[in-house]
Amino acid sequence: MALGCQFSITRILISMQTASVRQVLGGDIAAGSTVIVQGWVRTRRDSKAGFSFIHLNDGSCFGNLQLVAPRDLANYEDEILKLTSGASLRCQGTVVESKGRGQSLEIQASSIEILGLVDDPDTYPIQPKQHSFEFLRTVAHLRPRTNTFGAVTRVRHAAARAIHEFFDQNGYYWVNTPIITASDAEGAGQMFRVSTLDMMNLPRTDSGQVDFGEDFFGRETFLTVSGQLNVEAFCLAMSKVYTFGPTFRAENSNTTRHLAEFWMVEPELAFADLKDLATLAEDFLKFVFARVLERCGDDMAFFAERIEPEAISRLEGLVDSEFVRMDYAEAVKILQASGQKFEYKPEWGVDLQTEHERYLTEKHCKAPVVVMNYPTEIKAFYMRLNDGGDTVAALDVLAPGIGEIIGGSQREERLDVLTRRMAEHGLDAETYKWFVDLRRYGSVPHAGFGLGFERLLNYITGLGNIRDVIPYPRTPGNAPF
RNA sequence: UCCCCGGUAGCUCAGCUGGUUAGAGCGGGUGACUGUUAAUCACUAGGUCGGCGGUUCGAAUCCGUCCCGGGGAGCCA
């Protein structure tokens, strides 16, 4: 009772005092109401008729709120006329129907409190004009104030929320797998070392090796390259689980689709085979796309207008269509029969090149393609061996313009096969003992995939560079901010 | 890591077959004008042409090298 009262009083106070730009523009605040709005100036235009127009953005939505500041405000001459792009303010005023075109509602300001002017407006980097993404990366602390990055931030949030929602509705548990790990999992790539040893004065063993027994964990440790192995243990108890968190690869990859630190989603599903996994991947992507379209209309409209004309239509089309599924062997045949000149000849036993993936998704199918059952030689040890042993039950979901967006497999659940394959790959049995245990105690068929969250965002927004869909990109030789 | 391309004003770029004082648009400042919409018009300030070395009477321009960035490839998500 007491709590309920307090809650409603707080709500009333908030609604009377402050409103977000989204609330005002969305019509949540009745015309005639007095509100306080707060945010950052996008542009200011002065009218000699006796007022200034200020476009205000607070990140709550794509649009800007127009404030009309009359000349009779006490601080009009000294302060209002000094407002430039980037300045912050708090405005009290009345929500009114706009007398101008271009917006239906605006704020007739009764007072404007300047919170922070822009020091040296001449050099403020964010101007009301188009900037190159390359430049904006050099001012990563200010780029959230741009239309594009604001939209990216909202879409990123909406996509993350949709991912959790999808799994929750389908009975999956979010499992927080460790970021620090001792296994160099899957040999999936170079890892970042985690250590508290004094690098200027390393402890040595008798044989002259670095003595990691002296290190914080008493052994060598790294940042995780995948939560998959750890989450499999939970899969074989909770049935349906997923991870969603940061992942680290110390690869010297300099491309538009690689980061040293990125976010990955890894569902793992028990009592499932490769086909179940392909269905999951498809349902999952469609759900996320539909939710983003539903909740980020303005932002998506902006991407469609300025970044990628197909941004909305291709997502809509995808939500309503079925993904193309084909075996790797079939994909190779299609490529060989395509008549296309490839730099690398498509050939069974060799992994698909970027140019091959592009042909399949952009020319042949014009849609996302699920390629399944890859040659054993080119895939990881934990993927389930198909009958005959030539292929494993692996799948990649390839998206037009992005390439591989999802990579997954049915896992090898048979103890004897797994241990044999680990030996073939020269893996340390001791390190993976716990992982093998899962096949020893109540093993079941299971499958899972990994989805690069930023790659998903690239596909959704149409932005071409993965560095423009993560707040602070980390790439080789580049970790400012 | 490899292959291409680039680095000129706060930003986006032009100038680059070597030749006086390096230009434009936007942004900033000043003024005019207007219920304005990335407003418009006029004036104005603003540059070690990425660093170093070389060729030359003379280098933003040519050569070497280093640094930084972008695109493509490989690896992958």
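Three strands form an open sheet in the order S7-S9-S8, with antiparallel pairing. Strand S7 (180-181) and strand S8 (193-194) are at the edges and have a single partner strand each, so one side of each lacks a neighbour in the sheet. The model is predicted.

Strands of a sheet pair through backbone hydrogen bonds, either parallel or antiparallel. Here, S8 and strand S9 (residues 221-223) pair in the antiparallel sense over 2 bridges. Arg 193 stands opposite Phe 222 in S9.

Now to the RNA. How many residues surround RNA strand B? There are 53, and the closest are Arg 45, Arg 101, Pro 128, Lys 129 and Arg 455. By class, this surface near RNA strand B has 26 polar, 15 charged and 12 nonpolar residues.

Several elements each supply at least two residues of the surface near RNA strand B. Among them are strand S1 (34-47), strand S2 (51-57), helix H3 (133-138) and strand S11 (261-270).

Which parts of the RNA lie within 4 Å of the protein? Of the atoms of RNA strand B within 4 Å, 47% belong to sugar or phosphate, and the rest belong to bases.

| Residue | Partner atom in RNA strand B | Distance |
|---|---|---|
| Arg 249 | sugar or linking oxygen | 2.8 Å |

Terms used: Residues are numbered from 1 along each chain as its sequence is written. Chains are lettered from A and ligands numbered from 1 in the order in which they are written. This is a predicted model: local features need pLDDT of at least 70, side-chain atom pairs count only at pLDDT 80 or more; totals for chains, interfaces and linings use all residues. Side-chain values use heavy atoms; hydrogens and water are left out. A residue is near a molecule or strand if one of its heavy atoms lies within 4 Å of it. A polar contact is a pair of N or O atoms within 3.5 Å; within protein, one must be able to donate a hydrogen and the other to accept it, and residues adjacent in sequence count only if both atoms are side-chain atoms. Helices (H or I, at least four residues) and strands (E, at least two) are DSSP runs, numbered from the N terminus. Ala, Val, Leu, Ile, Met, Phe, Trp, Tyr, Cys and Pro count as nonpolar, Asp, Glu, Lys and Arg as charged, and the others, Gly among them, as polar. Two strands pair if DSSP finds at least two bridges between them.
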